[in-house]
Amino acid sequence: MGGGVSIPVPLSDVRQEDLKAKYAKFIEEGLSEEDINTKLTKAMPGLVVFDQIDCDHTGKVSSRELKRTLRALPRKKPTPPEGGWPDGKPPPFVPFDAMYETLDSDGDGEISLEEWLDNLSKLPGLESAINGAIDPVTGKLKDYVSLEDRLAELVAKGDDATDEEKAKIESIRASLGETAAAPAEEAPAEEAPAEEAP
C-alpha cells in the first residue's frame, strides 16, 4: 500500500480496498506520507468499527445493521470525551430516525464509509458510546457479535440446538444470503486399507 500505513487489525477485503483507495486519493492530492499516515491513523477506529458492523460486506450500513450495533452498546449515559463535551453539556438523546438521517447525509437509505467517518462526530453521544465500547486490543466493539459469528455459534450446537435456535439459524442465513454456512453432510469415512502382515 505504499508508505508506513499499517493495518492494526484484520479488515475485510472490501475495507482493505477502501483503505487503498483512500491512500491513492491522498497521494493524488499531493499529501506527504506523514500527513497520509496521520489521516488514516485518525480514521482507523471508525473504519474498523464500520467493517465490523457492515455484516453483509456491501460497503454500506443499513438501518438494520445500525440497530444491531446500538443493541451492543452499553445502556448508560456516554462518558464525556477528553476535554469534555463540545458545548459543555452532555448531548441530548437523539431518536433513531434522526440519528440515521444524520449519518446517511446523502439520503440514499444506507450509510457509506465516507458518511460514517464524516458524520459520526455530529452525534457526540453515539461517538462516545462507541469509543467507550471499543476493545483496545482488537479495535472492535467488545460486545458486538456479528451475524457470521452468531451463525457459527448456533451451527456448532448441531443436533443440540433448540427449535428456536434452528429457526434463528435459518433467519441469519437468510439475512446473510447464505446457503454455504449450512453444515456439510459428513461423507462416510473410507475404511483404511488393512496393513499386510510382514
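Close-up 1. Glu17, at 48% relative accessibility, counts as partly exposed, a class that lies between buried (under 20% relative accessible area) and exposed (over 50%), as found with a 1.4 Å probe on protein chains only. Lys20 is likewise partly exposed, with a relative accessible area of 39%. The two side chains meet in a salt bridge at 3.7 Å, N to O, where the term requires a side-chain nitrogen of Lys or Arg within 4 Å of a carboxyl oxygen of Asp or Glu. Both residues lie in helix H1, 3 residues apart, or about one turn of the helix; helices (H or I, at least four residues) and strands (E, at least two) are DSSP runs, numbered from the N terminus.

The model is predicted, so local features need pLDDT of at least 70 and side-chain atom pairs count only at pLDDT 80 or more, whereas totals for chains, interfaces and linings use all residues. Residues are numbered from 1 along each chain as its sequence is written, and side-chain values use heavy atoms, with hydrogens and water left out.

**Close-up 2. The salt bridge between Lys22 and Glu114.** The side chains of Lys22 and Glu114 meet at 2.8 Å, N to O. This pair links distant parts of the chain, with Lys22 in helix H1 and Glu114 in helix H5, 92 residues apart. Lys22 is buried, with a relative accessible area of 12%, whereas Glu114, at 36%, is partly exposed.

**Close-up 3. The salt bridge between Arg15 and Asp51.** The closest N and O atoms of Arg15 and Asp51 are 3.4 Å apart in this salt bridge. Because Arg15 lies in helix H1 (residues 13-28) and Asp51 in helix H2, the pair ties together parts that are 36 residues apart in sequence. Arg15 is buried at 0% relative accessibility, and Asp51 is buried at 7%.

**Close-up 4. The aromatic pair of Phe50 and Trp116.** A search of the whole structure finds 2 aromatic pairs, defined for rings of Phe, Tyr and Trp (its six-membered ring) with centres within 6.5 Å, and called stacked if the planes are under 30 degrees apart, edge-to-face if over 60 and tilted otherwise. The rings of Phe50 and Trp116 have centres 6.2 Å apart and planes at 55 degrees, so this pair is tilted. Phe50 belongs to helix H2 (residues 33-53) and Trp116 to helix H5 (residues 113-119), 66 residues apart. Phe50 is buried, with a relative accessible area of 0%, and Trp116 is buried at 1%.
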